[in-house]
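Let us read a structure together, one feature at a time.

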Amino acid sequence: MISITVLALVFGVVFLAELPDKTALAGLVLGTRYRASYVFAGVAAAFLLHVVLAVAAGSLLTLLPQQIVHGITGLLFLGGAAVLLLKKDDGDEEIRRPENQSFWKVSTAGFMLILIAEFGDLTQIMTANLAARYDDPLSVGLGAVLALWAVAGLGIVGGKALMKRVPLKLITKVAALLMLVLGAWSLYEVVAA
């Protein structure tokens, strides 16, 4: 039996925690370059896997050493920023069409990005804690996955809308700058701890 109260509470907490996180940024970047439905399919599958792992593991995920998580996340962000900044500009500001980018290629890219970047993330640990606290894995899992999908969808749709008004070069440079800042901050947390 699903508890609407637990589901709504988990949705609200996870949605607010994830909204300013890297997921919206990742969705925005992918949403500017690829077909939104393809990106969302991969991202949604990765979040579903994360929530299943968090709920299954319960509070065990809170035992992960934060320094290692921050270090890996920092390096991933710096690597992502480098890829964005060093990418050759082919002058193509069009969104890549499905004939150039298959469903499997795009959705797998979205899946892998979220799978790696979000592992051990605050919302995954929060989901594990909420699952342990409420002892209602179905309600907690459903609330968490719906919240994560909502944030990803907003990022992807926001990327499409932004693309219509702002040149892709500028979006890419801003995204790279944000990734550099997030990477530096994550590595700072490793050193400062």
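**Two packed helices**

Q: At what angle do helix 1 and helix 6 pack, and how far apart are their axes?

A: Two packed helices are described by the angle between their axes and the distance between the axes. Axes are lines fitted to C-alpha atoms over the stretch in contact, and angles run from 0 to 180 degrees between N-to-C directions. Here helix 1 and helix 6 pack at about 160°, with axes 10 Å apart. Angles over 145 degrees count as roughly antiparallel, so helix 1 and helix 6 are roughly antiparallel.

Q: What kind of model is this?

A: This is a predicted model: local features need pLDDT of at least 70, side-chain atom pairs count only at pLDDT 80 or more, and totals for chains, interfaces and linings use all residues. Residues are numbered from 1 along each chain as its sequence is written, and side-chain values use heavy atoms, leaving out hydrogens and water.

Q: How many helices and strands does the protein have?

A: Helices are DSSP runs (H or I, at least four residues), as are strands (E, at least two), numbered from the N terminus. The protein has eight helices and zero strands.

Q: Which residues have the most contacts inside the largest nonpolar core?

A: A nonpolar core is a set of buried Ala, Val, Leu, Ile, Met, Phe, Trp, Tyr and Cys residues joined through side-chain atoms within 4.5 Å. Buried means under 20% relative accessible area (1.4 Å probe, protein chains only). The largest core has 26 residues, and Val10, Val39 and Val140 have the most contacts inside it. Helix 7 gives the largest share, eight residues.

Note on methods: Buried < 20%, exposed > 50% of the residue type's maximum accessible area, 1.4 Å probe, protein only. Parallel < 35°, antiparallel > 145°, perpendicular 65-115°, else oblique.
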